[in-house]
Amino acid sequence: MSRRFFVLRHGETHFNVEQKLQGHCNSPLTPKGRAQAQAVGAALKTYLGPEFHLYASSLGRAVQTAEIVCRALGNADIPIVKEPRLMEFSLGLWEQRTVPSIRSQHPELDGAGDWYLHAPEAESFDEVRNRLASWLEQLPPQGDIVVVSHALTGIVLRGMLLDLSYEDCWRQDLPQDAFFIIEDGKVTRIDCTVDVEQVAERNAEQDVAVA
C-alpha cells in the first residue's frame, strides 16, 4: 500500500530576511512567515486524507510553523510530534553569519548547491541522511505523513523519497510558500497564495481576543 508524504518548509524567519544562516540556531517567523504557514495549512487541508501524522523538526521555527498549520487545518489540538531527527543541518562555525560575507570570503563555492556543507564543523550529508533514515524506519504503518522541516534537511528527505542522485538533490527548490506531495516516487508541488496583510489583520484580531 502506497502512502503520501507532505513535505513543508518553515515560513520566513528574521534570520532569512537578514540573510543569516540558521542551522541549529533559531529565529522566529516574520509576519510574512506566519502568513506563509497559514496559506500552506489552508491549501494542505484540501489534500490530506482522514488519517495523518504530523511531525515537525524540534527547532522553534518549525514548531511555530506547524502550530499555525494546525490552526489553518481547523484543529489547534492536532498532535505535533517534535522530532529532532528532522532538524536542519548543523552549519558549524557559519551559523549566524550572513550569506554575503561567506560568499565574499569563499568565491570558489559559487555555483555549488551544497556550498553550505563546506562550513567548518558542519554536519555532513551522510549524517543527516542517516538520521532521516532512522526516522523513516520508525513511522506508523498507515496514514499520510506531514513533515515540517527546513530548507536543506527538506531537500535531503525529498531526495531520499524520490531516489535522487546527490547532484539532483541539490538542484531542488527551497520554497517557503509551497509544499510537496510525494507518493510512489513521484512529486507534486503545490504553490500557496500568501496574503500577508490579511493574515496580519487576522493575527492581530486573535491577539486582541486572547488579551
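How close do the axes of helix H2 and helix H3 come, and at what angle do they cross?

1. Basis of the note. This is a predicted model, in which local features need pLDDT of at least 70 and side-chain atom pairs count only at pLDDT 80 or more, while totals for chains, interfaces and linings use all residues. Residues are numbered from 1 along each chain as its sequence is written, and side-chain values use heavy atoms, with hydrogens and water left out. Helices (H or I, at least four residues) and strands (E, at least two) are DSSP runs numbered from the N terminus.

2. Crossing of H2 and H3. The axes of H2 (residues 31-44) and H3 (residues 60-72) come within 8 Å and cross at roughly 45°. That angle makes H2 oblique to H3. Axes here are lines fitted to C-alpha atoms, for helices over the stretch in contact, with angles from 0 to 180 degrees between N-to-C directions. Angles under 35 degrees count as roughly parallel, over 145 as roughly antiparallel, 65 to 115 as roughly perpendicular and the rest as oblique. The crossing of H2 and H3 is right-handed, that is, the near helix is turned clockwise from the far one by less than a right angle.

3. Residues between H2 and H3. From H2, Arg 34, Ala 37, Gln 38, Gly 41, Ala 42 and Leu 44 meet Gln 64, Thr 65, Ile 68, Val 69 and Ala 72 of H3, where contact means heavy atoms within 4.5 Å. By class, this contact of H2 with H3 has six nonpolar, four polar and one charged residues. Ala, Val, Leu, Ile, Met, Phe, Trp, Tyr, Cys and Pro count as nonpolar, Asp, Glu, Lys and Arg as charged, and the others, Gly among them, as polar.

4. H3 itself. Its 13 residues reach 18 Å from first C-alpha to last, close to the 18 Å expected at 1.5 Å a residue; the expected span is 1.5 Å times one less than the number of residues. Buried residues of H3 include Val 63, Ile 68, Val 69 and Cys 70, buried meaning under 20% relative accessible area, exposed over 50% and partly exposed in between (1.4 Å probe, protein chains only). Their cover includes S1, H2, strand S2 (52-57), strand S3 (80-83) and S4. After H3 comes Gly 74, with a positive phi near 95°.

5. H6 and its cover. Helix H6 (residues 151-162) has twelve residues and reaches 16 Å, close to the 16 Å expected. Eleven of the twelve are buried, among them Arg 158 and Met 160. These buried residues pack against strands S1 (5-9), S4 (144-149), S5 (178-183) and S6 (186-191), and against helices H5 (125-137) and H7 (166-169).

6. Crossing of H5 and H6. The two axes come within 10 Å and cross at roughly 60°, and the crossing is right-handed. Residues in the contact include Phe 125, Arg 129 and Trp 135 of H5, and Thr 153, Leu 157 and Met 160 of H6. By class, the contact of H5 with H6 has ten nonpolar, one polar and two charged residues.

7. Positive phi outside glycine. Asp 163 has a phi of about 55° although it is not a glycine; Asp 163 lies in the loop between H6 and H7 and is exposed, at 71% relative accessibility. Gln 19, likewise not a glycine, has a positive phi near 60°. Gln 19 is found in the loop between helix H1 (14-17) and H2 and is partly exposed, with a relative accessible area of 44%.
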